[in-house]
Amino acid sequence: MQKPPRPHRRQPAALLFASAALLSLALPGLALASGNGNGSNAKTLALNYQQPSAPVRALLDAPNLPRPIISPDQQTLASVQLRRLNNLEELARPVLRLAGLRIDPGCACPQAQPVIQNLRLRALLDPQAPERPVALPSEGKFQAFHAFHWAPDGQRFILSRRTATASELWVGDARTGDIHPIPQLKLNLVLGGTEPVWLSPTELLVLALPKPRGAPPGLPAAPAGPVIQESLGRNSPERTYQDLLKNARDEALLAYHGRSQITHVNLLTGATRALGEPGLFSSLAVTGEGAAHVILSERLLRPFSYTLPWQDFARSVELRRRDGQPLRELARLPLKQGVVLEGVLPGPRGFQASPGKDAAIFWVEALDGGNPNQAAALRDRLVRLDPPYSGKPQVVTQLPQRLTRLSFLDDGEHALLTEFDRQKSWLRTSLQPLAGGPGKTLFEHAQRERYRHPGTPQTHMLANGRNAVISDQGALLLAGPGAGPKGERPFLDRLSLQDLSTQRLFQSEEDAYEQAVLLLDRGRLITQRETETEPPNLFLRQGAGLSQARALSRNKDPSPQLRQIRRELVSFKRADGVELSFWLYLPPDYKQGERRPALVWAYPLEYTDASTASQVGGSSNRFASFAPLSPLMLAMDGFVVLSDATMPVVGDPKTVNDSFVEQITMNARAIIDKAEELGVVDPKRMAVGGHSYGAFMTANLLAHTSLFKTGIARSGAYNRTLTPFGFQSERRSLWEARDVYLKLSPFLVANQIREPLLLIHGEADNNSGTFPLQSERLYQALAGTGGTVRYVSLPFESHGYTARESVGHVQWEMSNWLKRYLGDPRGDN
């Protein structure tokens with residue numbers, strides 16, 4: 001239902017919002033700005049963190065299920081259990097915000113990464129074998145960002161521990177589970193080095209802090225001059241980014257904290273050796289074998305940018321000998337400035353080292369100037385440079401569309417090339433001989449294809465520690481979700497590279513959700529199986545048709561109370577015939593015939609055609625395990641939740657947003673009608689909510705319709721003039737599609753939002769486009785025009801909230817908001 005604007009009523013708006021400095025006076029706590037439509041003044045409140053209901057608190061504190069990681073030699077199973085939530089003290093540690101990075105200067109690592117809580121080892125194929133617990137020291141935290149990696153032979157593993165003063169490299173023995181640190185080694189994980197670069201099963205390269213390092217730059221008493229930026233007539237459409245460099249001191253801090261030393265580590269002896277000179281290294285790779293190892297490195301160069309994140313800075317791509325000394329500079333990539341939206345640099349990009357013995361280096365070069373809007377018969381070419389790396393590279397192939405992925409096969413002779421047709425949102429994957437010559441198309445599909453998706457090529461670790469696509473006797477192994485109208489049934493196929501015939505090796509039964517994990521010898525297969533009531537566990541399948549199954553793990557249900565929630569996939573159509581669906585979650589105490597208040601939680605997605613938009617995802621056989629921020633927690637408080645409600649926006653990729661409001665309105669109306677038809681919700685007591693782009697959708701639905709009684713919008717963007725060079729899938733700038741940007745800005749029609757709106761935002765949100773300013777300004781607009789609004793600013797939190805205190809409070813806020821404006825779900829129905 002379209003609605004007229006609300007008459008403007010002048011009302012004082014709160015001007016004080018949460019800042020780290022303000023909140024530090026009263027922590028633990030957070031800022032709440034609230035306004036209402038009864039004529040009272042808007043106000044800013046201080047409030048301690050609140051606890052959600054006991055059932056929700058219990059779910060938030062339940063342990064995570066362990067993640068299985070199988071050793072490359074297929075002998076050992078590592079069960080890695082991550083801590084479910086951070087704590088606020090970790091988020092409150094000193095942090096540097098530089099060039100799009102959040103740096104913890106104490107450990108030279110990214111801020112507040114997930115932590116390993118428990119680690120156990122066991123013989124893979126013998127479930128009766130005793131587990132070997134890995135004793136993790138209580139001091140420091142073993143971080144999941146650079147957490148657990150098997151050595152190529154499966155005899156050892158490495159871990160990274162974060163302390164107040166360093167990031168350390170630890171090595172463990174697969175047979176005993178004993179671990180110890182590499183002495184005198186401090187990793188630098190600021191710009192790169194988060195994945196190990198293996199030279200052999202006992203040797204690897206890491207990025208470490210230089211020795212000596214010196215003291216960090218001090219704070220000048222006064223700036224030496226103003227900060228000046230200029231643009232001299234060249235188009236430079238940049239998206240909006242947070243945490244960018246602001247002055248010369250920021251540049252000096254980035255140069256200091258990003259500077260690292262390529263270091264050789266011997267895991268057997270613990271010896272380390274610096275290779276070459278320190279630099280701002282952002283990536284490392286190795287190619288070749290033994291004494292012929294060659295290092296491929298990328299290194300940031302000055303001048304830095306104040307308008308772009310570090311990934312877009314100028315850099316030098318270099319080849320180095322095994323001792324770290326420069327061999328050849330392959331390219332000097334310029335600052336990625338002046339590149340059109342969804343474009344690429346006009347020169348070389350995407351450098352990759354061959355995982356095989358050929359020791360070749362590959363990269364991509366644009367043939368259309370990097371401009372996707374320019375008509376061109378050919379857009380990219382793939383080239384290779386072989387040892388001794390002199391002379392010009394050889395052209396492997398030229399492609400009509402943009403090359404988005406290059407994956408090497410383990411046969412050493414072929415690679416998979418994936419091209420993206422931007423005009424059609426279409427993907428095509430080809431088998432390409434690395435020596436050159438024509439490729440062979442293997443499969444192609446729409447970008448958002450579910451039903452006819454061929455699956456993802458499976459990879460494995462080679463003996464040299466590098467990853468490659470499995471070519472199983474001239475065939476690819478493709479694993480996919482197997483989506484269909486009745487839900488997902490995962491599969492494993494063998495695709496012949498000779499005649500492109502497909503053999504189905506395995507598919508999940510209809511009463512379970514079972515995924516292929518690892519194909520062993522003699523036709524045996526390890527899978528991960530789960531049902532609605534059984535948690536994911538590993539199984540060994542063998543025999544005729546892989547019909548014999550034996551459990552390899554015995555994970556127990558960490559949250560049995562969730563099994564009381566009833567779940568159902570509901571499919572229906574909107575007015576124009578596009579198929580929609582949502583997952584219906586009924587509270588544990590729901591009684592047949594009740595009509596309860598409900599929350600619709602959704603996230604809009606764009607499609608080029610109705611048939612793809614109509615495809616269903618998910619499976620009723622998945623084991624329910626709610627993420628801490630999930631709105632499904634509200635079912636424990638008595639609400640009906642319609643989760644993953646499909647919100648397709650169908651049309652030409654260039655103009656799809658022209659009808660965004662009309663299409664999400666059509667979707668919402670169909671969802672409400674179907675929910676009412678099911679007889680489980682009260683259509684007059686329905687809320688809508690979403691996170692990020694879902695929050696943007698929520699505000700637009702409240703601004704342009706009267707379908708919902710209230711809304712919850714978390715970490716959204718509401719004024720599209722603040723993201724003038726595109727947002728989500730929008731390809732046009734504000735000046736090319738002014739009417740669309742204005743129409744899709746609920747901030748500009750805030751006086752039409754008459755329903756109560758709960759706004760939640762992390763005060764340190766660094767996601768492109770969703771600055772906290774977006775929620776602050778929408779709050780002020782609603783408060784100033786008589787709206788009913790509550791704004792919660794979460795200290796130290798970014799786009800997704802991770803602290804136990806924050807997550808619990810968000811669940812409390814959402815539940816209490818719905819009770820206030822939809823009524824008690826356990827009251828009269």
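Arg349, Asp368, Arg379, Asp380 and Arg402 are linked in a network of salt bridges, a salt bridge being a side-chain nitrogen of Lys or Arg within 4 Å of a carboxyl oxygen of Asp or Glu. The model is predicted: local features need pLDDT of at least 70, side-chain atom pairs count only at pLDDT 80 or more, and totals for chains, interfaces and linings use all residues. Residues are numbered from 1 along each chain as its sequence is written, and side-chain values use heavy atoms, with hydrogens and water left out.

## Salt bridges

Side chains of opposite charge can pair when their charged atoms come close. By the rule stated above, the count comes to 49 salt bridges.

| Pair | N to O distance |
|---|---|
| Asp61 and Arg804 | 2.7 Å |
| Arg332 and Glu329 | 3.0 Å |
| Arg448 and Glu606 | 3.6 Å |

The salt bridge of Asp61 and Arg804 has an N to O distance of 2.7 Å. Asp61 lies in the loop between α2 (54-60) and β3 (67-70), and Arg804 in helix α10 (residues 804-822), so the pair ties together parts that are 743 residues apart in sequence. Helices (H or I, at least four residues) and strands (E, at least two) are DSSP runs, numbered from the N terminus. Asp61 is partly exposed at 39% relative accessibility, and Arg804 is partly exposed at 33%. In these terms, buried means under 20% relative accessible area, exposed over 50%, and partly exposed in between (1.4 Å probe, protein chains only).

Arg332 and Glu329 meet through their side chains. Arg332 counts as exposed, at 53% relative accessibility, whereas Glu329 is partly exposed, with a relative accessible area of 36%.

Arg448 is partly exposed, with a relative accessible area of 31%, while Glu606 is buried, with 9%.

## Nonpolar cores

A nonpolar core is a set of buried Ala, Val, Leu, Ile, Met, Phe, Trp, Tyr and Cys residues joined through side-chain atoms within 4.5 Å. The largest one has 63 residues, and those with the most contacts inside it are Leu642, Met686, Phe708 and Leu759. Apart from it lies another core, of 41 residues, among them Leu562, Leu599, Leu629 and Met633. Leaving out residues up to four places away in sequence, Leu642 touches Phe582, Trp583, Leu584, Leu599, Val600, Trp601, Ile671, Ala675 and Met686, where contact means heavy atoms within 4.5 Å.

## Aromatic side chains

The whole structure contains 18 aromatic pairs. Rings of Phe, Tyr and Trp (its six-membered ring) pair if their centres lie within 6.5 Å; planes under 30 degrees apart count as stacked, over 60 as edge-to-face and the rest as tilted.

The rings of Phe572 and Phe582 have their centres 5.3 Å apart and their planes at 55°, so the pair is tilted. Phe572 is in strand β43 (residues 566-573) and Phe582 in strand β44 (residues 579-586); both residues are buried. Tyr585 and Phe626 form an edge-to-face pair, 6.0 Å centre to centre with 80° between the planes. Tyr585 lies in strand β44 and Phe626 in the loop between α5 (610-613) and β46 (640-650), so the pair ties together parts that are 41 residues apart in sequence. Tyr585 counts as buried at 8% relative accessibility, and Phe626 is buried with a relative accessible area of 6%.

One aromatic cluster is formed by Tyr603, Phe660, Tyr693, Phe696, Phe727 and Tyr741. Arg720 lies over the face of Phe727, at 4.2 Å from the ring centre. The charged end of Arg504 sits over the ring of Phe491, 4.3 Å from its centre. A charge sits over a ring if NZ of Lys or CZ of Arg is within 6 Å of the ring centre and within 35 degrees of the ring normal.

## Backbone features

Most residues other than glycine have a negative phi, and most peptide bonds are trans. The peptide bond from Lys211 to Pro212 is cis, with omega near -5°, and Pro212 is found in the loop between β16 (203-208) and α4 (248-258). The bond from Arg302 to Pro303 is cis, with omega near 0°. Ala112 has a positive phi of about 45° and counts as buried, at 17% relative accessibility.
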